[in-house]
Amino acid sequence: MKIEKPGLTLYGLCIVMALLASAALLLGVAVSSILLLLLIYAALAYSINFITGMMGYVDFGHVLFMAIGSYALATLVSYYGANPLLGVGLGALLGLVFALGIGLVILRFRGVYFAIATVVLVLAAYNIVLQFPQLGAGGEIIFNLTFQPLATYFTIWTIVLIEIVLTYYVNRSRIGFGIRAIKNEEDAASSVGVSPRTLKLTGYMLGGLFGGAAGAVYAWSISGVTAGPAFDFTFSLLMLAMIIIGGVGTSIGPLLGAVVVYIPSYFLLTTVAQAQPLMIGLLVIIMALFLPDGIVGLLRRSNQRLRLVLE
Amino acid sequence: MVAAELIVTDLAFGLMLGCVFSVVAHGLNMIWGVVKVVNIAHGEFIMLGAYGAYFLNLFAGLTPLETAPVDAAIGLLVGYAFYYAFLHRELRNKETITLQSEMVTLAATFGLSLFVSNLAIILFTGNPVGVNYNPGTLQFGYVRVPLAALYVAILSVLIIMGTWLFLERTFIGSAIRAYAQDVTATELVGANPAKVASLATALGFAVTMAGGALLTVWIPVGINPLMGALYAPISFVIVVLGGPGKMWGSLVGGLTLGVVIDLLQAFTTAQIAYAAAFLILIPVLVFRPEGLLK
């Protein structure tokens, strides 16, 4: 595989990431705890981008992988007193393994059937977790870690950075062309030598891996996991909203979307809690109907130079 | 024979629950079957139907059975508005719905679901409410059946039968069935595809909202803005079980689900029952993607 020279988009994203890192180091704990959630959002957005963004398979149940990661970290830390970083690793691994198992079955379904299968899997998994006392049986698993905001921050920062670089190179690589071919016309793609099965599974497993990792960091940041919120569809929906708003499949879209979804949540939380999802819902409707390629598409069309640069 | 009594009672309740599940899913089935669009916000319109029953009971003293037609009338208007706001742009001038349009409608109705449920929390608050409707019980041998649930079950079957008769026996119904099979051919014989598709969507919404009203009988203190998150997935499973577009499929899927949930609940826990009910979908999609009905 020949790796091309990286374009301006990747440089730009790296500068943003460098700014995020220095902001946490220079401005202290208060700022980093604000930015932490933004990075978790971004990590989730990039993880679902591998599935819904690149392949066009709408995944309403991505929160499943997040929950798997959360539970992996919570169990490891609270029962075995392990290092949370190990928990993040296990979360990523379990996300990958579950994605392999689930993907082998549900990637056979297309379009709405896939979307519906992802919904019911989350509900089934939630009801199954409630059965296990080891997993809190619907209660909370809490663990006491010494307050370590920078460690959490730089873990998720690293995950997002890896996701960005990976997204960028997958999009430019042979795999990326194959995956986009599947998005456009799966049968035609398979008839010209693209293997949809392998490629789809690859994309889905990448989504599971990073979803699990991000979920583990989320549990770490809130020092616990509860079944109800862990399987809450709101997170699934927000992730999906982020990439629809930002621009599906692109390298820069998920970060843009995460910022758009995150900022109102931060400012409106004090007034009406429902204001954020309400606005996001409205924005998603408008984007889906009138701007299917999101903010990135809008920027590309508005300016000839941006069209060449934005990826 | 306590075990036998238990099974028979649970079977009776499972069947009645299945009937109301069927009617709740039936609106989704009609829209999915005819215009080939899955409304992700389906659960939110069930919720609005249930709130319709609640408010009409609160202010006009109507029972859930009497509110069903009112909800259906509102549903017709909402359905027309929904078609022209969300589907028309994607469906017009197209012979079959493309994967691209499918994604657009999924994303747009998903945004709608987020919008409507959160608007409902702001307007109705998150506190669950309920309709008090209890016309007594009926004794069949050792099975005691609440009349409200029985009326609702009968009405549910009648609604499904009504839509079937409408599609099979009327002129407009034939046009809708033709549209479901071949849009271009429908246009060739002089039907306006947009009119046919919008009518089918509106009917689907009418049934959905009426179903929401009937459902309130089963959830005496469970009407809340987020109830759609449970009833939408249940509806998806039912429609897939029955096969989209098959009017009696809703009943087959609904009864299967109702009985599975009620019987499993009797012998295991509610969580296992619901997990199993949702997981049925996967083997059905793998082995019989066209649904249980031939």
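How do helix 13 of chain A and helix 4 of chain B run, roughly parallel or roughly antiparallel to each other? Here are my notes, with that one answered in point 2.

1. First, some housekeeping. Residues are numbered from 1 along each chain as its sequence is written, while chains are lettered from A and ligands numbered from 1 in the order in which they are written. This is a predicted model, where local features need pLDDT of at least 70, side-chain atom pairs count only at pLDDT 80 or more, and totals for chains, interfaces and linings use all residues. The model scores ipTM 0.89 and pTM 0.90.

2. Now the opening question. Helix 13 (residues 275-290) of chain A and helix 4 (residues 99-124) of chain B have axes that come within 7 Å and cross at roughly 160°. Axes here are lines fitted to C-alpha atoms, for helices over the stretch in contact, and angles run from 0 to 180 degrees between N-to-C directions. The two helices are therefore roughly antiparallel to each other. (Angles under 35 degrees count as roughly parallel, over 145 as roughly antiparallel, 65 to 115 as roughly perpendicular and the rest as oblique.)

3. Which residues do the touching? From helix 13 of chain A, they include A:P277, A:I280, A:V284 and A:A288, and from helix 4 of chain B they include B:V104, B:F110, B:F115 and B:L119. Being in contact means that the C-beta atoms of two residues, placed from the backbone, lie within 7 Å. Sorted by class, this contact of helix 13 of chain A with helix 4 of chain B has 16 nonpolar, three polar and no charged residues. (Ala, Val, Leu, Ile, Met, Phe, Trp, Tyr, Cys and Pro count as nonpolar, Asp, Glu, Lys and Arg as charged, and the others, Gly among them, as polar.)

4. Zoom out to the whole contact between the chains. Chain B puts in 33 residues and chain A 35 residues. On the side of chain B that touches chain A, helix 4 of chain B gives the most, with 16 residues. That side of chain B divides into 28 nonpolar, three polar and two charged residues.

5. Chain A on its own has 15 helices and two strands. (Helices, H or I with at least four residues, and strands, E with at least two, are DSSP runs, numbered from the N terminus.) The radius of gyration of chain A is 19 Å, close to the 19 Å that the globule rule gives for 311 residues, so chain A is as compact as a globular protein of that length. (The radius is taken over C-alpha atoms; the rule is 2.2 Å times the number of residues to the power 0.38.) The C-alpha trace of chain A spans about 50 × 45 × 40 Å along its principal axes.

6. Over to chain B, with 12 helices and two strands. For chain B, the average pLDDT is 90, and 99% of the residues score at least 70. Its C-alpha trace spans about 60 × 45 × 35 Å along the principal axes.

7. Inside chain B, look at helix 5 (residues 147-169) and helix 10 (residues 247-267), which pack at an angle of about 155° with their axes 8 Å apart. That makes helix 5 of chain B roughly antiparallel to helix 10 of chain B. Among the residues that meet are B:V157 and B:W164 in helix 5 of chain B and B:W248 and B:L251 in helix 10 of chain B.

8. Last, helix 3 (residues 64-91) of chain B and helix 4 of chain B have axes that come within 10 Å and cross at roughly 170°. Helix 3 of chain B is therefore roughly antiparallel to helix 4 of chain B.

Technical notes
pLDDT = per-residue confidence, 0-100.
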